[in-house]
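Student: I would like to go through some of the labels used for this structure. For each one, please set the value against the definition.

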Amino acid sequence: MTSDAIIENKVPTEGHAHKHDRSSDSWRRLSLVLVLTALYMVTEILGGWFTGSLALLADAGHMFTDAAALVLALTAVWFASRPATPKKTFGYYRLEIVAALVNGVALVVIALIICYGAYERWLNPPIVKSGSMILVASGGLIVNLVCAWILHSQDEIDLNMRGAWLHVVGDALGSVAAIMAGVCMMVFGWYAADPFFSVVISLLIIWASVRLIKESTNVLLEGTPSHINLAAVEDAILATTGVNEVHDLHVWTITSGREALSAHVIHSYSISQPELLKELRTKLHDRFGVDHLTIQMETPDFEDETFHFCNNGTACFKSERVSGR
């Protein structure tokens with residue numbers, strides 16, 4: 001045959017085992033953080049009622065949204081661990097990304113609500129028992145720092161875990177704001193400190209959430225992963241002995257830490273397709289971390305004329321270079 005669509009996976013059994021282990025670890029971490037968050041949420045509700053602090057009640061409300069976000073993240077992890085089916089050939093991996101997107105949007109909404117509440121408090125600052133407020137807020141800070149530490153080891157490779165981590169960090173910053181507001185009220189009698197620090201923390205939450213939303217959206221739109229240079233991938237393929245041309249090159253993310261690649265490769269007659277595929281697979285895995293490949297092999301006298309998503313250049317970036325866009 002002169003052409004063949006070939007799908008290769010680098011040690012698939014190890015990949016599935018690694019994914020299963022990561023899901024199990026994520027489930028344990030998220031469950032522990034959920035228990036700690038729910039327990040201290042009740043503490044902050046009681047503390048807010050006792051001290052008359054709206055800041056503590058607001059922080060308790062934030063912890064409630066944290067708990068809801070953790071339940072969402074746990075649900076996504078559980079679905080992601082389910083096997084693929086004939087109707088869901090990639091399984092449920094993308095639910096992790098959807099959960100991350102929902103968490104990011106929820107964080108922005110929470111931050112805006114806090115800003116609105118801060119505006120109302122600025123006009124009429126409440127008088128609270130600042131000493132007890134500082135004590136309760138300090139306990140909340142400790143709990144949130146412990147939760148952030150539990151989640152931190154995976155927040156850089158898993159967008160779903162990062163969303164949960166950002167919720168916890170946002171709540172920790174809220175506790176810091178409550179402590180600082182309590183100190184200002186206790187020492188200086190400045191009761192407007194509570195809404196002031198709330199706005200500062202809200203802006204930090206929005207800044208972190210926008211990045212999470214952008215990354216999640218890029219995955220859902222099957223955009224090129226930010227850490228992969230598509231032009232470098234094309235150059236690496238073209239530099240392989242026997243490769244004459246490459247087109248319809250696409251790289252996308254299935255789920256966090258798992259990239260896929262598809263391409264049409266035109267090769268010379270003298271090269272062995274299995275040997276060329278083996279070399280491409282090794283090169284793309286070692287240089288770019290891509291271990292799920294779909295490569296259609298073609299010869300100069302045969303090029304698949306089926307529909308291509310991109311006919312100008314390898315993946316539409318050549319024309320952008322020429323036009324300067």
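Student: Why is Leu-123 called exposed?

Tutor: Leu-123 has a relative accessible area of 59%. Exposed means over 50%, buried under 20%, and partly exposed in between (1.4 Å probe, protein chains only), so Leu-123 counts as exposed. Its place is in helix H3; helices (H or I, at least four residues) and strands (E, at least two) are DSSP runs, numbered from the N terminus.

Student: What are these values taken from?

Tutor: This is a predicted model, in which local features need pLDDT of at least 70 and side-chain atom pairs count only at pLDDT 80 or more, while totals for chains, interfaces and linings use all residues. Residues are numbered from 1 along each chain as its sequence is written, and side-chain values use heavy atoms, with hydrogens and water left out.

Student: What makes Trp-190 partly exposed, and what makes Phe-196 partly exposed?

Tutor: Trp-190 is at 37% relative accessibility, so it falls between the two limits. Phe-196, at 40%, does too, and therefore counts as partly exposed.

Student: Why is the aromatic pair of Trp-190 and Phe-196 called tilted?

Tutor: A pair of aromatic rings is described by the distance of the centres and the angle of the planes. Rings of Phe, Tyr and Trp (its six-membered ring) pair if their centres lie within 6.5 Å; planes under 30 degrees apart count as stacked, over 60 as edge-to-face and the rest as tilted. Trp-190 and Phe-196 are 6.0 Å apart centre to centre, with 45° between the planes, so the pair is tilted. The structure holds one aromatic pair.

Student: Why is Ser-268 called buried?

Tutor: Its relative accessible area is 18%, which is under 20%, so Ser-268 is buried. Ser-268 lies in the loop between strand S3 (258–267) and helix H8 (273–288).

Student: Which residues is Ser-268 in contact with, leaving aside its neighbours within four places in sequence?

Tutor: They are Gly-242 and Asn-244, where contact means heavy atoms within 4.5 Å.

Student: How do you know that Met-297 is buried?

Tutor: Met-297 has a relative accessible area of 0%, which is under 20%, and therefore counts as buried. Met-297 sits in strand S4 (residues 292–298).

Student: Which residues is Val-33 in contact with, beyond its neighbours within four places in sequence?

Tutor: Val-33 is in contact with Leu-70, Cys-147, Ile-150, Leu-151 and Val-168.
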